[in-house]
Amino acid sequence: MKRLIESKLLAWRDSADRKPLLLFGARQVGKTYTLERFGTGAFDGYVHLDFSRNAAATDIFEGSLEPKRIVSSIEALVSKDIVPRKTLLVLDEVQLCERALTSLKYFRENAPEYPVAAAGSLLGVKLRESGSFPVGKVDMMRMHPLSFEEYLWARGEERLCSLIENCYASLERCPLHEHALDLYREYLLVGGMPDVVRSFVDELPRGTQGAYAAASSKQNEIDQAYIADIAKHAPTSIVPQIIDVWDSIPSQLAKENSKFQYKAVRSGGRASLYKEPIAWLAAAAVVSVCTRVSEPLAPLRSFEDKDSFKLYRADTGLLASSYDALPTDLAPQNSKGAIFRGALSESYVMQQLAASDVRPFYWGTASKQEVDFIARNRAGDIVPIEVKSGTNVRSNSLEAYRKKYSPDAIVRLSAKNFGQEGPFKSIPLYAAFCLAKDLIASPLFV
């Protein structure tokens, strides 16, 4: 399964100042598979050491952290040679061995000729809790669920992907608009978790009903694995609160005001109860946080209000599964379902932005006016982004924003085809990945 991060990994391999790599990401987003594909395709050799499966792996790091000793011990354990510059050494689930994390510093200082990549499902949590982060001694990347672009690749729709990119660049109408929308709606339900996508695609020849059922089964497994991770790895004192926050996200997004409300988790909820659980989920990379800015002015972070935020599950398929959503639920049948469809579309856009490492904000006022996302493009301009699940793009909030700030460009993501009227750029929801590439990526926060 082809992934966008592969080009970044190749650039890392070829860097003259290459450091050991830390690859962050939630469980089951494809870190191990991608590193194995990278190691076998871009190097002469590949050695994989998994701390969750091999108890002897931890023992290797109990003694001296001198890289040559570590390498020779790993060679003896796996019965393979690790050749400088030619063999990729992968330390998987590295959060389970703090001394292995520490050893990256010594690989950087004393043995930079060894390409080392460390990955872990709860790596962000470990670094946040332990303070064992080898500052300045590692390169960092974050891996996400499949973006819609990657999903199109997995579906064999590379040519459609290129067509969408060309239409985005010219804002000319896409001749396969309805076909692309159908695939977008499919993605809303399937999402971007690799095992889910693989199950769905494998079952498609036998019919869509069975394919969606296979995807749903995998999604339930992943959801249960996330709950198990919380119960096993989170501080015991906040496990119930973390699970409460996780369970509340679908209903919080599917209300008129999608701002996260502590009282909506449980009656009497307050920040002191839930700030730490939210931080844990964010560090585990299973949720994305989008905070409010009081003014859409550069630099955006100087106007950030961290007490006002929206919380999204990192994958739209897992969100749709929590609603028990079916394909028929995505059809614009009645106004009551519009809020649910809007929640799913907004979560989808957040996923596309995150896949390009864009850290957006949203703009809102006390009068309940709100623009879904605010981000900065590569030209340095502040771009307001409104998300609509259907073709009705009217927005009082966006009009109020336009009158107050007079932006040069306003983006409407909706079910409408490409086009432009004055400052309003109409971009179909299926082209959100193109928009994301035009926005400034943020440094990796851990």
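Helix H11 (208-233) contributes the most to the lining of the largest cavity, with three residues. Helices here are DSSP runs of H or I with at least four residues, numbered from the N terminus. A cavity is a set of points, on a 1 Å grid over the protein atoms alone, where a 1.4 Å probe fits but cannot get out; lining residues have an atom within 4 Å of a point.

Please note that this is a predicted model, in which local features need pLDDT of at least 70 and side-chain atom pairs count only at pLDDT 80 or more, while totals for chains, interfaces and linings use all residues. Residues are numbered from 1 along each chain as its sequence is written, and side-chain values use heavy atoms, with hydrogens and water left out.

The structure contains five cavities of 30 Å³ or more. The volume of the largest is about 80 Å³, where volume is the space filled by probe spheres set on the points, and grid points are joined across faces, edges and corners. Its lining includes Ala26, Arg27, Tyr226, Asp229, Trp246 and Trp280. Two elements give two or more residues to this lining, namely helix H11 and helix H13 (271-283). By class, the lining has nine nonpolar residues, one polar and two charged; Ala, Val, Leu, Ile, Met, Phe, Trp, Tyr, Cys and Pro count as nonpolar, Asp, Glu, Lys and Arg as charged, and the others, Gly among them, as polar.

I turn now to the aromatic rings. Rings of Phe, Tyr and Trp (its six-membered ring) pair if their centres lie within 6.5 Å; planes under 30 degrees apart are stacked, over 60 edge-to-face, and the rest tilted. The count comes to 22 aromatic pairs. Tyr262 and Tyr274 are stacked, at 6.5 Å centre to centre with 5° between the planes. Tyr262 lies in the loop between helix H12 (239-253) and H13, and Tyr274 in helix H13, so this pair ties together parts 12 residues apart in sequence. Both Tyr262 and Tyr274 are buried, that is, under 20% relative accessible area with a 1.4 Å probe and protein chains only, against over 50% for exposed and in between for partly exposed.

Tyr401 and Tyr405 form a tilted pair, because their ring centres are 5.0 Å apart and their planes at 50°. Ring pairs also link Phe148, Tyr151, Tyr184, Tyr187 and Tyr348 into a cluster.

Finally, the charged end of Arg412 sits over the ring of Phe424, 4.0 Å from its centre; the rule requires NZ of Lys or CZ of Arg within 6 Å of the ring centre and within 35 degrees of the ring normal.

Definitions and conventions: 1 Å grid on protein atoms, 1.4 Å probe; cavity = no way out; pocket = protein on both sides within 12 Å on 5 of 7 lines; lining within 4 Å.
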